[in-house]
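Hello,

Here is the structure I promised to pass on to you. Please open it beside this email and follow along as you read.

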Amino acid sequence: NQFVELNSGLVLVAGPAASGRSTTIPTFAETIAANRDVYIQTIEKPIERVLQNPRGAIAQREVGLHVRSGIEGVEFAMQSGADVILFDYLETLDELSMLLRASNAGALVFAVTTGNNIHALLSRLLSSVSAEKRTAFANSLAEQLKGIIVQHLIPIVQNQGQVLAVEAAKMNSTMANVLRRGEISQLSASISSQKDQGISLDDSLQKCVESGYIEGAEAWKRACDSRRFAAY
């Protein structure tokens, strides 16, 4: 709910394949569109469903069909003054740099990417940048990143479907400073200690186990700190 109230910035939605990432970001956009007048543009690889925007306008572009690249799609969105940009799926550092430019220019950007937890996601992004450029990149990311969601769909006991476990963080000044310093290992502790800013993956998994939805072994396989679930 706090993410849909944002006017600008970057929100990353990550997780393994088939975890519902590509369902989450259009849900954010359609929720925003139902409550305020916005112009939405999507850059998709490929378009999976037609979105609704009853109070504004929407343009859905598929890479390879309507635009030659994800970068070109973001450029079109910026030039046409899109209020909300959905990017599915983030693959390169150049694409991320363009999305950071778009959010800095005033757009609210939701992007799907890869990562099984926040630590792994941010570590991968920072390590993909050369050492000389890493500090500047970390500063830019810390400035524009407003939140991260990492989703896992986990089998419910006795094959009764799937349940969502999620790691989520709304970036605050403390976490932004941790990111600027590159001290990613401290983020999980920051999330756990500030309950109003999100939930750690391990805490979410623990709730699923204690509620009887999933086996402890399923939590152990996905946990950031597997020692927490070693008894299973």
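This is a predicted model: local features need pLDDT of at least 70, side-chain atom pairs count only at pLDDT 80 or more; totals for chains, interfaces and linings use all residues.

**The whole chain**

The chain contains nine helices and eight strands. Its C-alpha trace spans about 55 × 45 × 30 Å along the principal axes. For 232 residues, a compact globule would have a radius of gyration near 17 Å, and the chain has 18 Å, which agrees. Of those 232 residues, 48% count as buried. If we take the contacts with a separation of 6 or more, 60% of them come from residues 24 or more positions apart.

**A closer look at α6**

Now find helix α6, residues 173-181. Which of its residues are buried? They are M175, A176, V178 and L179. Looking down the axis of α6, you will see that these buried residues fall within an arc of 160°, so they line one face of the helix. On the face turned away from the buried side of α6 you will find the exposed residues S173 and R181.

At its start, a side-chain oxygen of N172 comes to within 3.2 Å of the backbone nitrogen of T174. After α6 comes G182, which has a positive phi, near 75°.

**The sheet**

Next, turn to the strands. As a reminder, strands of a sheet pair through backbone hydrogen bonds, either parallel or antiparallel. Here, eight strands form an open sheet with mixed pairing, and their order is β3-β2-β4-β5-β1-β6-β7-β8. The edge strands, each pairing on one side only, are β3 (57-62) and β8 (198-199).

How do β7 and β8 pair, parallel or antiparallel? Their pairing is antiparallel, over two bridges. In one place to check this by eye, A168 has I199 of β8 as its bridge partner. Helix α8, residues 201-210, lies across β6, β7 and β8, and runs at about 150° to β7.

Enjoy exploring, and write back with any questions.

Best wishes

How values were computed. Residues are numbered from 1 along each chain as its sequence is written. Side-chain values use heavy atoms; hydrogens and water are left out. Buried means under 20% relative accessible area, exposed over 50%, partly exposed in between (1.4 Å probe, protein chains only). Helices (H or I, at least four residues) and strands (E, at least two) are DSSP runs, numbered from the N terminus. The arc is that of the directions from the helix axis to the C-beta atoms. A polar contact is a pair of N or O atoms within 3.5 Å; within protein, one must be able to donate a hydrogen and the other to accept it, and residues adjacent in sequence count only if both atoms are side-chain atoms. Two strands pair if DSSP finds at least two bridges between them. Contact means heavy atoms within 4.5 Å. Axes are lines fitted to C-alpha atoms, for helices over the stretch in contact, and angles run from 0 to 180 degrees between N-to-C directions. The radius of gyration is taken over C-alpha atoms; the globule rule is 2.2 Å times the number of residues to the power 0.38.
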